[in-house]
Amino acid sequence: MTTGAPAADPAATTAGSVHPKRAPWTLRRRLMVVVVGLLALGSVVVGVASAVAVSGLLTEGVDNQLTKAAERIVDYGRNGQLSTPDAVPDSELPGGYGGGGGGTREPPAFIGAPGLGPGALGAIVVDGTIVNAGYLNADGSTVPCTESQDAMILTVSAGGRPSTIDLGAYLGEYRVVAVTDASGATRVIGLPLSEVTSTVMQLVTLIAIMSVVVLLLAGLAAFAIVRYSLRPLDRVVATAAVVAELPLDRGEVALAVRVPDSDTDPRTEVGRVGSAINRMLGHVSSALNARQASENKVRRFVSDASHELRTPLASIAGYSELAARRSDTLPEEVTHSLGRIRSEAGRMTTIVEDLLLLARLDEGRELAKRPVDLTELVIHTVGDAHVAGPGHVFELDFPEEPVLVTGDASRLQQVIVNLLANARTHTPPGTTVRTGLAVESGPGGELAVLTVTDDGPGIDQALQPNLFERFVRGDDSRSRATGSTGLGLAIVHAVVTAHHGSVSVESVPGRTVFRVELPAAAAPAGPVQTGE
C-alpha cells in the first residue's frame with residue numbers, strides 16, 4: 001500500500017489562490033502611469049471647472065433675462081398692456097389640468113410678453129392658490145400646467161431672486177422668479193434650462209473627446225520620452241548582466257567590461273550609478289587579480305613541490321627495498337620499520353601524484369583528445385575493483401553498442417577507478433556496487449552517462465554540497481583510517497570538468513548514486529583508446 005503525502009491545508013490553498021503575489025512594477029511603467037494619471041486628473045479638473053463655469057455664466061444670463069422680463073411684466077400689467085388670451089375649456093385640457101371646480105382655466109397672458117420665447121413659463125398665485133399657469137409651445141401656443149407642475153410652482157417664494165425647479169421629464173428644469181404686483185398677486189415667470197444643459201453637455205463631451213485624444217498622444221509621447229530617457233539605465237543594466245555571467249569564482253578573469261563613459265556623467269542620477277558601478281568593477285577586478293596571483297603562486301608551489309618530492313620519495317622507496325632484501329640479517333624491528341617506510345612512501349607518492357595532477361588541471365593544461373571506448377574502460381576497471389575488493393558485490397550494466405567519448409583514456413579510467421575505490425572504501429563488506437553506462441539525450445546533444453550506485457550507509461547531507469572539494473572527508477564511516485586522502489573525488493570533478501562534463505551525487509541511507517555526464521562522440525574511422 002502506497003502512502004501519499006499529507007493533504008494540503010484547504011485554508012492555506014484558498015488563501016494562496018485568493019491573494020497571489022503581484023509582480024512589482026517597473027520604473028518605466030510607474031513613470032507612464034504617473035504621467036498619464038496626472039494628465040487625466042488635470043483633464044478632469046479642467047473639464048469640471050469649465051463645465052461649472054460655463055453653466056454658471058449661462059445660468060446667470062438666464063437670470064438676467066428673467067429679472068428684466070419680470071420687471072417688464074409688472075410694468076405692462078400696471079399699464080394694462082397685456083391682453084388676456086381666450087379661455088381654454090377644461091374639457092379640452094389633458095387629464096389632470098384645471099383649476100378645480102369646473103369651468104375654464106387660462107394660462108397667464110404675460111407669458112406672451114416681449115422677451116419671452118418658446119418654453120416660457122408663467123403663473124399667477126393669489127393667496128397661495130394658482131389662478132392660472134401655463135407655458136409657451138414651440139409654435140407659440142399656450143399650454144396649461146398640470147397639477148404636479150402647479151405644486152412645484154407653489155414652492156417658489158416671492159422675493160425677486162431666481163431659483164431652479166424641476167417640472168418633470170417633459171419640461172425639465174426651469175429657472176424661475178416670483179414678483180408681487182400692485183394688486184398683491186404673485187406673478188411667477190420662468191425660462192427653461194434645457195439650452196443651458198445642452199450647451200454644458202456639448203462642452204463636457206468636447207472636453208472628454210479632446211482629453212482622450214490628448215491622453216493617447218501624451219501616453220505615446222511619454223512612452224517614447226521615458227524609453228529614451230531610460231536608455232542609459234538599460235545600458236548600465238546590460239553591463240551588470242554581462243558581469244553577472246562571468247565565471248568570477250575561478251580562473252583568470254578579464255574584467256574589462258565597463259559602463260560607457262557617456263553614461264557616467266556625475267551630473268545625472270543614472271550617471272552617478274554608472275560611475276559607482278565602474279568604480280566597484282575596478283575594485284572587484286583588482287581583488288580578482290590579487291586572488292588569481294595568489295592562487296597561481298599556490299599552484300606553482302604545489303606543482304613544484306610535488307615534482308621535487310617525487311625524486312626523494314622514489315629514493316626512499318628504492319633504498320628501503322634494497323635494505324629489505326637483506327632482511328634475514330636485520331633485526332625484526334628494523335625489518336618491520338622498513339616495511340612501514342615502504343608503505344608510507346608509497347602512500348605519500350600517491351598523494352604527491354594526485355596533487356601534481358590537480359595542479360596541472362588547475363593550470364588548464366590540455367588533455368589528450370582522442371576517441372575513447374568507455375565500455376571497455378568500465379569492464380576492465382570493474383574487474384580490477386572486484387579483485388581489489390572481494391568482499392563487495394560488483395555488478396555491471398552497459399548497452400550492447402560501445403559508448404564513445406572524446407578525451408584522455410587514462411584520466412577517464414582514473415575517474416572510474418576513484419569512484420569504485422570510493423564506494424569500496426567507504427562501505428562495509430557485502431555492499432553491492434553497481435556500475436551503469438548508458439547514452440541519453442541532453443539539451444546539447446547525446447550524453448554518455450556513467451553511474452556508480454551502492455547500497456551502503458550513505459553520505460551525510462551536510463557533507464554533500466562540498467563533497468568534490470579537496471581534502472573533504474566524512475564522518476567515522478569515511479575517515480582517514482580507511483585510507484582516504486580526500487583527493488579522489490576532487491580529481492574526479494577536475495577531470496570530468498576538463499572533459500566538459502559534469503558530476504553529481506545523490507545519497508540517502510541505503511542508496512548512494514554518483515552520476516557522471518560526458519559529451520558522447522560518434523563512432524570514429526580510426527582506432528579507439530581503451531585504456532589498456
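1. A residue counts as exposed when its relative accessible area is over 50%, and His500, at 64%, is therefore exposed in this predicted model. His500 sits in the loop that links helix H11 (488–498) with strand E12 (502–508), and its phi is near 60°, a positive value in a residue that is not a glycine.

2. Asp127 has a relative accessible area of 78% and is exposed.

3. Strands E1 and E2 also belong to an open sheet of six strands, whose order is E3-E2-E1-E6-E5-E4 and whose pairing is antiparallel. Strand E3 (142–144) and strand E4 (163–166) stand at the edges and have a single partner strand each, so one side of each is left without a neighbour in the sheet. From one strand to the next, the twist averages 30°.

4. Turning to the helices, H8 (residues 332–362) has 31 residues and reaches 45 Å from its first C-alpha to its last, which is close to the 45 Å expected at 1.5 Å a residue. The buried residues of H8 include Leu338, Ala345, Val352 and Asp354, and Leu356, Leu357, Leu358, Ala359 and Leu361 are buried in this helix as well.

Technical notes
Residues numbered from 1 in each chain as written. Predicted model: local features only at pLDDT ≥ 70, side-chain atom pairs only at ≥ 80, totals over all residues. Heavy atoms only, no water. Helix = DSSP H or I, 4+ residues; strand = E, 2+ residues; numbered from the N terminus. Expected span 1.5 Å × (residues − 1). Buried < 20%, exposed > 50% of the residue type's maximum accessible area, 1.4 Å probe, protein only. Pairing = 2+ DSSP bridges. Axes fitted to C-alpha atoms, helices over the stretch in contact; angles between N-to-C directions.
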